[in-house]
Amino acid sequence: MALTTQRVDVPVIVDESKCLEKCTACIEVCPLDVLVKNPETGKAYMKYDECWFCLPCEKECPTNAITVQIPFLLR
Amino acid sequence: MDTQWMKTDVLVIGGGTAGTMAAIKAKQANPDGEVLILEKANIRRSGAIAMGMDGVNTAVIPGNSTPEQYVREITISNDGILNQKAVYQTGKLGFEVIQELESWGVKFQKDAQGNYDLKQVHRVGKYVLPMPEGKDLKQILTRQVKRHKAKVTNRVMATRVLVRNGRAIGAVGFDVRTGDFVVIQAKAVILCTGACGRLGLPASGYLYGTYENPTNAGDGYSMAYHAGAELTNIECFQINPLMKDYNGPACAYVASPFGAYTANAEGHRFISCDYWSGQMMLEIWKELNSGKGPIQLKMTHLDKDTISEIESILWSNERPSRGRFHEGRGENYRTDGVEMNISEIGLCSGHSASGVWVNEKAETTVPGLYAAGDMASVPHNYMIGAFVFGRLAGTNAVDYIEGLDHLEPDPDVLEVEKQRISAPLNNPNGVPHTQVEYKLRRLVNDYLQPPKVDHKMEIGLRNFVRYHESLEIMSARDPHELMRCMEVHFIRDCAEMAARASLYRRESRWGLYHYRLDYPEKNNEEWFCHVNLKKNESGEMVLFKRPVEPYVVDVDIEREVYDVAVR
C-alpha cells in the first residue's frame with residue numbers, strides 16, 4: 001500500500017511553558033486517549049486527531065496550560 | 001502480544017452512567033463479592049456524562065406524576081412498541097435513584113419551598129428535573145465506586161463476550177496502551193457500553209464530531225450479537241435535532257421551560273412540543289424540506305437575565321464547549337437563533353428504542369449476560385433509566401451467580417479472537433483506520449439515512465456485508481490505533497443490523513426514525529410487534545417478529561397517536 005502523511009489542524013493546544021513534565025492529568029482523563037507526552041521534552045501534545053471537544057483535559061490541567069478549540073471542520 | 005488474565009465474580013463492561021451504578025449495586029448486594037469495571041477510557045471522565053448532565057429527563061417524583069402516567073407517556077411517544085414492564089421500572093425506581101444520588105452529593109433543582117422543581121418538556125407530564133450544578137456527576141460516581149470497593153481497570157477495551165455452555169463466562173479484549181491481550185473470567189457479565197454514536201457520518205465530515213461520546217461505537221450491540229443475544233427495534237434509529245455543525249444539543253430541554261421554542265426561519269412555531277420523538281423529527285424534516293427552513297431554537301424574545309441563566313447552565317454542563325462555538329461565530333442568544341439541523345443516524349435506546357433486548361430484570365436472552373443504559377432496549381430511558389437498569393443489572397447479577405462457578409474459556413475461541421485483534425497491527429502498511437471508518441460511515445449516510453428506500457437499503461446492505469474485505473486490509477501502528485480499528489468492526493456490525501432490520505419492517509413507524517417511502521403508512525395489523533434479530537447457530541443474522549408483551553397500563557394506541565405538528 002502506498003501511503004502519505006497528511007497535516008491536520010488539531011483542536012487541543014498545549015502551552016509548553018506551563019505544562020509540567022511530571023504531570024499526566026490531561027492524558028489520564030481524555031475519553032478518546034488522544035494526548036501523549038513528547039518523550040524528548042516531557043510536554044503533552046495531541047497525537048491523534050480524534051477530539052470530542054469535551055474539555056476534561058482543559059478543566060483538569062493544574063496549570064491551565066491547555067486550550068481546546070472547536071475542531072476546524074466544525075468551527 | 002502478551003496475555004493478562006483476570007478473574008472476578010461480576011464483570012461490568014463500560015464504566016459510564018449505567019456501569020458505575022451496576023458495580024455499586026452489585027457491591028451493596030454482596031460486599032464480599034468481587035466486582036470489576038472494565039473501561040476503555042478512565043471512569044472519572046467517560047461515557048455520555050463525562051462532563052456531567054444539566055438535568056434529569058425522566059424523573060417520576062411522587063406528588064408530581066406516577067409510574068403509570070410515565071409508562072402511558074412513553075407508550076404513546078414510542079408508537080406502542082415497548083415492554084411496558086421494563087419502562088415501568090424506570091418510573092418506579094427512578095425516585096429512589098434520585099434520592100440516593102442526592103445522598104452522594106448530586107444537586108437537583110428545588111423551589112423556594114424545597115420541593116423538586118420539575119419542568120414540563122414531554123407532551124403531557126412533568127418529568128424534567130434540572131441539575132444546573134450537575135457538572136461533577138461523574139467524579140461523584142467514581143468516588144462511590146471506590147468507596148464500595150469495586151475494582152476498576154481503565155484503558156482496557158473489551159471486544160467479545162465469552163460464552164460457554166450457553167452462558168456468559170467473561171470477556172476478552174486488549175489494553176489500548178500496551179496492546180496486551182486481556183482475558184477476564186466472570187460468573188456474570190453486565191454490558192454498559194452506551195450507544196452506537198459513530199454510525200452515520202456527521203455533516204461536518206469530522207469522524208468524532210458526534211452527538212454521543214464518540215467512544216460509544218456500538219461496542220455492546222456488537223458484543224451481545226456475537227454472544228448470541230437478541231437485539232430489538234434496531235430500525236428505530238436515533239436521529240436528533242442538533243446545533244448545526246457543532247452537532248450537540250442546543251438544548252431545548254433546558255431552554256424551553258424558560259420560554260425558548262423551536263421555530264422556522266420566519267420565526268413561527270411548527271411543533272407544539274420540544275420533546276424528542278420520531279414524529280417530532282419527521283415534522284422537522286418536513287419543515288426543512290418545505291422551504292421554510294432553516295430551523296432554529298429561538299430565545300431572542302427572552303429577557304437578558306433569563307438568557308444569562310440559560311447560558312450559565314448550557315456552558316458548564318454536558319457539552320460545555322457550546323459557548324466557545326457560538327463565540328467563535330460571533331453569535332449570541334440575545335440576537336440570534338441557534339441554527340438547528342437533523343443529525344446523522346445512530347442507535348440508542350436512551351433517546352429512541354434500539355438496543356439489546358432486556359426484560360424488566362435487565363436480563364438479555366443469554367443467561368448470565370445483562371445490559372443497561374443506552375445500549376439496552378428500554379425506550380426513551382435517558383440517564384435515570386440508565387441508573388435504574390444499572391441498579392437492576394447489578395442486583396440481579398449477584399442473585400444469579402449464587403452457587404455458580406467460573407468456567408474455563410475455550411482455548412480455541414481465545415486464539416481466534418487473539419488473531420482477529422492482532423490482524424491490523426500485523427498489517428502496519430495497510431489502509432489507515434480513519435479512511436476505512438470514513439467510507440463505512442459515509443455509506444451509512446448514503447443508504448440508511450431516512451427517508452428509507454428499499455432499493456437503496458439493499459445496496460447499502462450489500463456494501464456492509466462486503467465491507468469485511470475492507471476491514472481485512474485495515475492497519476494499526478500502535479495499540480491506540482488498534483482500539484479505533486476494533487471500533488470500526490463494531491460499527492460495521494451495527495450498520496448491517498440497521499440495514500437488515502429496516503428492510504424487514506415493511507411499514508413506517510416512529511416518525512422519521514423509520515420512515516419508508518415504499519411503505520409510508522403505519523400498519524398495526526401486521527407490524528404491531530418488535531423486530532428482533534440474532535446470530536443463529538450457523539453464524540447468520542436472522543430476523544423475526546417478537547410479540548409486544550401484554551400492557552400493564554392500558555393505552556389505546558389506535559386512538560392515542562403522538563402528534564405535535566402545528567397545522
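Helices (H or I, at least four residues) and strands (E, at least two) are DSSP runs, numbered from the N terminus. Keep that in mind for the labels on this tour.

**Before you start.** This is a predicted model: local features need pLDDT of at least 70, side-chain atom pairs count only at pLDDT 80 or more, and totals for chains, interfaces and linings use all residues. Residues are numbered from 1 along each chain as its sequence is written, chains are lettered from A and ligands numbered from 1 in the order in which they are written, and side-chain values use heavy atoms, with hydrogens and water left out.

**Stop 1: two cis bonds in chain B.** Select B:Cys251, in the loop between strand E12 (241-243) and helix H6 (252-255) of chain B. The peptide bond leading from B:Ala250 into B:Cys251 is cis, with omega near 20°. Now go to B:Pro294, in the loop between helix H7 (278-288) and strand E14 (295-298) of chain B. Here the bond from B:Gly293 is cis too, with omega near -5°.

**Stop 2: a helix pair in chain B.** Show H1 (residues 17-29) and H10 (residues 382-400) of chain B; they pack at about 35°, axes 7 Å apart. Axes are lines fitted to C-alpha atoms, for helices over the stretch in contact, and angles run from 0 to 180 degrees between N-to-C directions. On the H1(B) side, select contact residues including B:Met21 and B:Lys25; on H10(B), B:Phe387 and B:Arg391 are among them. Contact means heavy atoms within 4.5 Å. The residues of this contact divide into nine nonpolar, four polar and two charged. Ala, Val, Leu, Ile, Met, Phe, Trp, Tyr, Cys and Pro count as nonpolar, Asp, Glu, Lys and Arg as charged, and the others, Gly among them, as polar.

**Stop 3: the A-B interface.** Display both chains. 30 residues of chain A are in contact with 40 of chain B. About 3000 Å² is buried between them, 56% of it from carbon and sulfur atoms. Buried area is the accessible area (1.4 Å probe) that two parts lose on being put together, summed over both. Select A:Glu50, A:Trp52 and A:Leu74: they supply 23% of the area chain A buries against chain B, more than any other three residues.

**Last stop: chain A.** Select A:Asp33, in the loop between H1 and strand E2 (35-37) of chain A. Phi of A:Asp33 is near 60°, a positive value in a residue other than glycine.
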